[in-house]
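Biologist: Thanks for sitting down with me over this one. Could you walk me through it, one question at a time?

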Amino acid sequence: MAAAPVAAGSGAGRGRRSAATVAAWGGWGGRPRPGNILLQLRQGQLTGRGLVRAVQFTETFLTERDKQSKWSGIPQLLLKLHTTSHLHSDFVECQNILKLLVEILMRPTISIRGQKLKISDEMSKDCLSILYNTCVCTEGVTKRLAEKNDFVIFLFTLMTSKKTFLQTATLIEDILGVKKEMIRLDEVPNLSSLVSNFDQQQLANFCRILAVTISEMDTGNDDKHTLLAKNAQQKKSLSLGPSAAEINQAALLSIPGFVERLCKLATRKVSESTGTASFLQELEEWYTWLDNALVLDALMRVANEESEHNQGASEENGLPHTSARTQLPQSMKIMHEIMYKLEVLYVLCVLLMGRQRNQVHRMIAEFKLIPGLNNLFDKLIWRKHSASALVLHGHNQNCDCSPDITLKIQFLRLLQSFSDHHENKYLLLNNQELNELSAISLKANIPEVEAVLNTDRSLVCDGKRGLLTRLLQVMKKEPAESSFRFWQARAVESFLRGTTSYADQMFLLKRGLLEHILYCIVDSECKSRDVLQSYFDLLGELMKFNVDAFKRFNKYINTDAKFQVFLKQINSSLVDSNMLVRCVTLSLDRFENQVDMKVAEVLSECRLLAYISQVPTQMSFLFRLINIIHVQTLTQENVSCLNTSLVILMLARRKERLPLYLRLLQRMEHSKKYPGFLLNNFHNLLRFWQQHYLHKDKDSTCLENSSCISFSYWKETVSILLNPDRQSPSALVSYIEEPYMDIDRDFTEE
């Protein structure tokens with residue numbers, strides 16, 4: 001869901017910076033001179049190493065200076081921390097000193113006779129730096145801080161000051177990354193006021209924290225986790241009420257203007273992102289984004305290249321040279337904006353998949369997120385790499401570690417979530433393309449799609465091409481080995497999912513999508529299972545019930561050799577291709593019941609339809625589909641195999657051939673020398689199907705819309721198959737011999 005699916009901003013690993021990174025930070029301003037104590041102390045703040053000179057001061061001197069400057073005993077604590085933080089030193093003593101530092105930091109929350117103590121921003125900043133560097137360098141400290149919930153909540157209040165915001169946000173991110181229980185944002189004092197007062201840069205940084213607080217900590221939504229585990233978790237959640245992530249999402253959506261500001265951040269141009277921040281402020285913010293020293297090295301390489309280029313141009317033109325230390329290179333500003341956007345898009349994507357999906361959809365449409373992303377598509381989201389594009393050492397430009405790559409994947413995930421089973425998907429088109437959909441319906445003499453008629457034309461994409469068309473263009477140019485192919489296919493497929501629309505299909509067919517998919521499956525002989533699955537799913541949605549699509553298929557797959565390659569890809573993994581098998585089977589059933597010359601021509605000529613129409617082919621698919629899944633191994637990814645097997649049997653039932661198909665399955669069992677093993681398994685799968693789907697409205701609606709078979713017919717067919725009467729010719733138990741009967745297994749996680 002998704003590479004994964006890539007989730008920007010989850011876990012502590014993303015926010016953790018190694019000691020090497022912190023040390024590398026000193027490279028920005030050059031090496032400090034050994035004799036300069038002030039620079040050495042500053043270096044100590046950033047690297048943790050410059051304190052060696054500081055601790056050479058006597059304790060008497062530090063105590064005296066502490067009295068004069070009111071440093072609250074911090075210098076002496078640092079001295080003790082230094083002496084207790086060596087290898088084999090007393091870790092308990094080290095923790096006690098850190099506890100004192102935390103107490104100093106939290107003094108504003110302590111009241112004495114009605115008056116709260118005050119602590120300066122500079123002192124807070126220093127305490128935060130010490131805590132953060134200790135977390136980086138000392139194992140276990142972050143976890144101990146995460147256990148103090150009141151301290152974590154208190155840290156949020158320090159973000160009200162711009163001077164301490166970055167240090168606070170960085171520390172919070174690391175702490176939340178290891179915290180066992182998710183923090184509740186509704187416990188943060190004055191959350192709405194806090195977030196509303198953030199400037200746009202602060203809000204973008206805050207999204208890194210939000211990414212942790214609004215994502216479900218349990219990974220039960222992952223395709224690889226069993227449906228048994230997910231169902232158990234859902235039952236538990238119903239008894240416990242909304243999860244912390246759901247509460248946090250609701251808290252954010254209640255903040256006035258929150259989603260609007262996220263949309264503005266996601267769609268602003270790089271030229272609009274440069275504010276009045278000084279160079280040093282910009283550098284400090286960059287520091288919080290650097291995940292490792294390799295990133296810093298890459299950025300410095302880019303900066304040096306641009307600096308040398310600018311210097312050469314200035315010397316040729318006799319113009320004064322602007323130092324690289326007073327102006328960030330444009331490439332770094334672009335990368336900065338990319339890093340902002342991927343965090344913001346992740347938050348929007350999570351909100352789109354949450355309980356308030358319709359509310360978020362309405363706001364995203366109103367604030368014109370989609371047209372804004374369309375305007376950024378060529379220049380930022382899918383921009384061409386320059387020779388100096390940011391690439392980590394030892395990686396390449398197509399590596400998933402690249403911020404450019406992560407932004408693209410996050411963008412595609414957002415499109416997938418936005419389009420999936422929602423009428424707002426037509427905002428991905430421009431006015432001209434919407435008119436094209438209407439013209440397709442008119443020419444085919446079919447009613448125009450109601451959602452197209454209801455689309456607010458003021459909210460759609462502008463320019464010559466809409467976002468969907470732009471996506472198709474880059475999809476067709478994508479290299480064979482590209483990791484984007486999976487996400488691109490998923491995003492386009494989500495536009496087609498739901499009730500089948502002939503106009504939507506023709507819109508994509510006219511742009512050569514079917515030929516591109518077949519080229520990737522057959523001619524390039526794609527090996528990636530994930531990409532193949534996404535292409536098969538997309539091909540199924542594109543061809544379902546569409547005679548023109550089958551004609552195009554037959555025109556492209558015009559030799560037996562090509563057809564055999566196609567079948568080989570289908571049969572290599574039914575988990576990946578079963579959705580296509582289902583769509584072709586459903587289409588065949590509809591075509592056989594139509595009286596039309598065009599349909600009759602396709603039925604007589606199309607190799608694929610002829611292949612699927614054969615009973616031995618259907619039985620082979622049915623046997624394998626049932627055999628590769630079991631109740632304990634069912635996931636969101638492979639449960640489609642169960643539903644495809646049901647589609648084959650439902651269509652057989654319509655033709656009064658259900659007993660024939662069950663008898664053939666029994667014979668195939670005996671031929672494999674394992675009587676009962678398949679039908680027992682199928683019986684258990686159908687029992688689970690009843691438990692799973694009869695309590696989930698969304699899943700049942702999806703089944704009905706995608707198959708054009710009423711859900712009541714699905715339920716009736718399953719009930720007939722599970723009939724305990726051994727005299728019923730359509731009951732599974734009638735075909736399982738008594739000695740091999742094993743149909744009453746308990747559904748428990750093994």
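This is a predicted model: local features need pLDDT of at least 70, side-chain atom pairs count only at pLDDT 80 or more; totals for chains, interfaces and linings use all residues.

Biologist: Is Leu-437 buried or exposed?

Modeller: Residues under 20% relative accessible area count as buried. Leu-437 has a relative accessibility of 2%, so it counts as buried.

Biologist: Which residues does Leu-437 touch, not counting those up to four places away in sequence?

Modeller: Glu-448, 11 residues away in sequence, has its C-alpha 8.1 Å from that of Leu-437. As for residues that Leu-437 touches, leaving out those up to four places away in sequence, they are Tyr-426, Leu-429, Val-452, Ala-503, Asp-504 and Phe-507.

Biologist: With which residues is Leu-608 in contact, leaving aside its neighbours within four places in sequence?

Modeller: Leu-608 is among the residues with the most contacts inside the largest nonpolar core. Leaving aside neighbours within four places in sequence, its partners are Met-543, Phe-550, Phe-553, Phe-563, Phe-566 and Val-584.

Biologist: How many residues of helix H15 are buried?

Modeller: H15 covers residues 244–253 and is mostly covered. The buried ones are Ala-245, Ile-247, Asn-248, Gln-249, Ala-251, Leu-252 and Leu-253. Out of the 10 residues of H15, the number buried is seven.

Biologist: Let's turn to helix pairs. Are H36 and H38 roughly parallel or roughly perpendicular to each other?

Modeller: H36 packs against helix H38, residues 677–693, at an angle of about 105°, with the axes 11 Å apart. Angles of 65 to 115 degrees count as roughly perpendicular. H36 and H38 are therefore roughly perpendicular.

Biologist: What classes do the residues of the contact of H36 with H38 divide into?

Modeller: On the H36 side, the contact is made by Val-639, Leu-642, Asn-643, Ser-645, Leu-646 and Leu-649, and on the H38 side by Phe-682, Leu-685, Leu-686, Trp-689 and Tyr-693. By class, the residues of this contact divide into nine nonpolar, two polar and no charged.

Biologist: With which residues is Ser-645 in contact, leaving aside its neighbours within four places in sequence?

Modeller: Ser-645 has its place in H36, residues 639–654. Its relative accessibility is 1%, so Ser-645 counts as buried. Leaving aside neighbours within four places in sequence, its partners are Leu-622, Leu-625, Ile-626 and Phe-682.

Biologist: How do H26 and H29 lie to each other, roughly parallel or roughly perpendicular?

Modeller: Helix H26, residues 484–496, and helix H29, residues 529–543, pack at an angle of about 20°, with axes 9 Å apart. Their crossing is left-handed. Angles under 35 degrees count as roughly parallel. H26 and H29 are therefore roughly parallel.

Biologist: And which residues of H32 and H35 meet?

Modeller: Helix H32, residues 574–592, and helix H35, residues 615–627, pack at an angle of about 135°, with their axes 11 Å apart. That makes H32 oblique to H35. The residues that meet are Leu-574, Asn-578 and Val-581 in H32 and Phe-621, Arg-624 and Leu-625 in H35.

Biologist: Is Lys-555 buried or exposed?

Modeller: Lys-555 is found in helix H30, residues 547–556. A relative accessible area over 50% counts as exposed. Lys-555 has 69%, so it is exposed.

Biologist: One on backbone geometry: what is the phi of Glu-656?

Modeller: Glu-656 is found in the loop between H36 and helix H37 (658–671). With 74% relative accessibility, Glu-656 counts as exposed. Although Glu-656 is not a glycine, its phi is positive, at about 60°.

Biologist: And what is the phi of Lys-368?

Modeller: Lys-368 lies in the loop between helix H20 (357–366) and helix H21 (369–381). At 41% relative accessibility, Lys-368 counts as partly exposed. Lys-368 is not a glycine, yet it has a positive phi of about 55°.

Definitions and conventions: Residues are numbered from 1 along each chain as its sequence is written. Side-chain values use heavy atoms; hydrogens and water are left out. Axes are lines fitted to C-alpha atoms, for helices over the stretch in contact, and angles run from 0 to 180 degrees between N-to-C directions. Helices (H or I, at least four residues) and strands (E, at least two) are DSSP runs, numbered from the N terminus. Angles under 35 degrees count as roughly parallel, over 145 as roughly antiparallel, 65 to 115 as roughly perpendicular and the rest as oblique. A crossing is left-handed if the near helix is turned anticlockwise from the far one by less than a right angle, and right-handed if clockwise. A nonpolar core is a set of buried Ala, Val, Leu, Ile, Met, Phe, Trp, Tyr and Cys residues joined through side-chain atoms within 4.5 Å. Buried means under 20% relative accessible area, exposed over 50%, partly exposed in between (1.4 Å probe, protein chains only). Contact means heavy atoms within 4.5 Å. Ala, Val, Leu, Ile, Met, Phe, Trp, Tyr, Cys and Pro count as nonpolar, Asp, Glu, Lys and Arg as charged, and the others, Gly among them, as polar.
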